[in-house]
Amino acid sequence: MIKNYFKTAYRTLLKNKGFTVLNILGLSLGLASCLLIIFYVVDELSYDRYNTKASRIYRVNEDLKLGENNVLYAVCMPPLAQTLKNDFPYVENAVRLKIGGSRHVKKGGVNILENKTVFADPSLFSVFTLPMINGSPATALTEPNSVVLTETTAKKYFNSTNVAGKILTFDDNIFYKITGVIRDLPRQSHFNFDFFISMSTLPDSRSTEWLRSDYNTYVLFKNAGDHKKLEAALPAFLNKYSGEQMQAQLKMSMAAFEKGGSFFRLNLTPLTDIHLKSNRTGELGPNSTTQYVYIFSAIALFILLIACVNFMNLSTARSANRAREVGVRKVLGSLKKHLIAQFLTESILVAFAATVIALIAAIALLPAFNQLSGKDIIVNSQTMVWLVPALLLIVLVVGALAGSYPAFYLSAFQPIHVLKGKLSTGFKGSGLRSFLVILQFSISIFLIVGTLVIYNQLNYIQTKNLGYNRNQVLIVQNTFELGNQANVFKQEIKQLPGVANATMTGFLPTSNWKSTAIFFKDAAFDQKKALFPQTWEVDEDYIKTLDMKMATGRTFSDQILSDSSGIILNESAAKFLGLKSPLNKPLYRSNGGKQDLSNSKKYHIIGVVRDFNFSSLRDVISPMVLVLAHNTGALSIRVNTKNLPVLLSQIKDKWKSLTPNVQINFSFMDQDFDASYRAEQRVGTIFIVFTALAIIIACLGLFGLAAYAAEQRTKEIGIRKILGASVAAIAGMLSFDFIKLVLIAILISLPVGWFLMNKWLQEFAYRVNIQWWVLVLAGFISIFIALITIGFQSIKAALSNPVKSLRSE
């Protein structure tokens, strides 16, 4: 019996080639799109799960509120890790990581700039799963000036992984002994470094300060539920160890500190939540957000739903063509359950064929999708372990879901009515079919609205006045490598033709350099009047080079000695302090630890710069203080030349004359800015691509429905033509039924699209408003697409010869 079901299904599908091709093409497109999105979502959800102890690893975070200033840190105090391990028996181990910054590593006679360096405790390999292929994990990071390399890095410098015991030279004269080589970190890791340097190399790592934060600290619990015990114990623990230092530096107890409206707290984040749910100051790398996972999951579901709706619509639209077959089968004794089984078999066969094609297409398109999404997804044997069962489940679910209504609908026909030709035909014969078309186009129109809003927001990001001019600014990185010659380099560069100005500092709106300090309006250090701003060290050319505007006052000058104690606020800082006339007003800065008030310096305000965006446009511009200081992090050069290659060559020559063994590295500020919003740009591009696919799939179904509707009304069309109806009138009549449904879909989807996309825009502090024309344009696009899809079939039917359709009457 089952064999007969498959044989009959195969013959039926082969007999109706057009129907079969449309269904398989629509389903395969939908499933291929769905598979690609599933690969993306699975990749996002798999971060840090390569660690065998992932369920027991948590990161310790710090939350600080001082007055009206609230900062969330991913870093903690130097002694925290070891103290937690000593004080709590359910803490199995703890490890600290601290970003090492950029280092030059010598290979032959050339110094290569390496940015992926980190200091780590010896317990690193006991907490995280980092398989070592050369060396001993137990002793690899115990000695000062020892380093563990990744497999690729070892091959890069030695063409071998058997390098334990060899020496690497850092920054010209610091020697590090290689004590191990580990496998390359999986891409699905929230940190990704090439050089793991022993923490004991840093004298600062042995600090006992409890009021400073610069170490990423991870805790491994003995049991999965022990984190709840530690969270409950953290307030008393923090008060015990930080209370004495807080009393000495803040001149108050923790209780008094909190009574004033401030707080200083520790909390935990599960390791597997960091990538999608953490965006704190001091992260080890850029993280993503669950929002994108939800968005893409919804798109995958929408596309799959549209593909299934296509199948159901096309199957029920063909009901008139198969009605006599059902009637004859029932007269000859076929039971309803056998007919249902037959139609479900056809549906599952189509779903199986579409799934096979979709899998092949998804694998073939994976490299292009990786480039589009910035991922490195591969399909291997491990992927197949979950993918094959998932695909089989998809075949059964999609086949049963898409074929269920046609199966029950067709099998319910009464033989006597069918054989007498009383079965209703035409598009109006099914209310459910109309509902499904509305559903399809509602989803498609919503995706069109989403695409237009995302495009407008990305365009706004690219064109918004940021408060500084990022164009034509060349950034020479790591000028600290020049040592005492850094300022000489700056002055020589400023003399070159084509250079308008230059400023030397690592604190730039497009860089990752961040620093904070505490300022008070008076020497009483009242925490309610505290300012906790970004505090950047700049030179006298900073504001001019970046083309910033002063709201009041002046910029720094190297001719005015008192500017060493002068500061420039941004408008947000002046507003926060309530200073209507800020010039020459004093501010007092803590010069000890981040929360140390025992050593302070008095500053005077010399100017207020207009607000400029120095972080993501998702965030409101926060208070900023600029201080005059010698910082050699980078040299930013405003260029004014049409012959950029010549200028770049001259800059390289100047660099080489001062430090011949160190490679120069540079970038352009506008490119760095674009890179900081690459995630949003990729999301926008992916959204556009999959929206286009969803519309194509919906149009395939609409095309098939229009063809069957025209086919079932051929006699009516013939009679109308004989009675004098024009081609335009007939085409309009055939199109009206569909356009009416599209209009209903517009009325449903536009308010929903506006509400949901407006909610998405709330994530941005600086955003576009959804204009009325966006909704109107989305509606016109959907109507235009529907007309193009339906129009071909309508005009074809209207142009047909009425003699052919009526000759049997």
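Predicted model: local features only at pLDDT ≥ 70, side-chain atom pairs only at ≥ 80, totals over all residues.
Q: Where should I start with strand 3, and how enclosed is it?
A: Start by counting its buried residues. In strand 3 (residues 91-107), twelve of the 17 residues are buried, so the strand is largely enclosed by the rest of the structure.

Q: Which strands pair with strand 3, and in what sense?
A: Look at the direction of each neighbour and at the number of bridges. Strand 3 pairs with strand 10 in the antiparallel sense over six bridges. Strand 4 (residues 110-120) also runs antiparallel to strand 3, and nine bridges join the two.

Q: Which residues stand opposite each other in these pairings?
A: Take one example from each. Alanine 94 stands opposite valine 219 in strand 10, while lysine 98 stands opposite phenylalanine 119 in strand 4.

Q: What lies between strand 3 and strand 4?
A: The two strands form a hairpin with two residues between them. Glycine 108 is in this turn and has a positive phi of about 70 degrees.

Q: How many aromatic pairs are there?
A: The count for this model comes to 25 aromatic pairs. One of them is tryptophan 210 with tyrosine 241: the ring centres are 5.0 Å apart and the planes are at 20 degrees, so the pair is stacked, the cut-off being under 30 degrees.

Q: What does the pair of phenylalanine 519 and tyrosine 603 look like?
A: The pair is edge-to-face, at 6.1 Å centre to centre with 65 degrees between the planes. Phenylalanine 519 lies in strand 14 (residues 519-520) and tyrosine 603 in strand 20 (residues 600-609), so parts 84 residues apart in sequence are tied together. Phenylalanine 519 is buried, at 0% relative accessible area, and tyrosine 603 also counts as buried, at 6%.

Q: Which residues form one aromatic cluster?
A: Tyr58, Phe88, Tyr90, Trp210, Phe221, Phe237 and Tyr241 do.

Q: Where does a charge sit over a ring?
A: Check the distance from the charged end to the ring centre. The charged end of arginine 96 sits over the ring of tyrosine 215, 5.1 Å from its centre. Lysine 375 lies over the face of tyrosine 40, at 5.3 Å from the ring centre.

Q: Is glutamine 534 buried or exposed, and what does it touch?
A: Read the accessibility, then the contacts. Glutamine 534, in strand 16 (residues 534-538), counts as buried because its relative accessibility is 13%, and the cut-off is under 20%. Its side chain has a polar contact of 3.0 Å with the side chain of tryptophan 536. Leaving aside residues up to four places away in sequence, glutamine 534 touches residues including Lys514, Phe614 and Met624.

Q: Where does alanine 400 lie, and what does it touch?
A: Alanine 400 is in helix 12 (residues 381-411) and counts as partly exposed at 34% relative accessibility. Alanine 400 touches Leu344, Ile348 and Val395, not counting residues up to four places away in sequence. Alanine 400 and leucine 344 are 56 residues apart in sequence and 6.3 Å apart in space, C-alpha to C-alpha.

Terms used. Residues numbered from 1 in each chain as written. Heavy atoms only, no water. Helix = DSSP H or I, 4+ residues; strand = E, 2+ residues; numbered from the N terminus. Buried < 20%, exposed > 50% of the residue type's maximum accessible area, 1.4 Å probe, protein only. Polar contact = N/O pair within 3.5 Å; in protein donor to acceptor, adjacent residues only side chain to side chain. Contact = heavy atoms within 4.5 Å. Phe/Tyr/Trp six-rings, centres within 6.5 Å; stacked < 30°, edge-to-face > 60°. Lys NZ or Arg CZ within 6 Å of the ring centre and 35° of its normal. Pairing = 2+ DSSP bridges.
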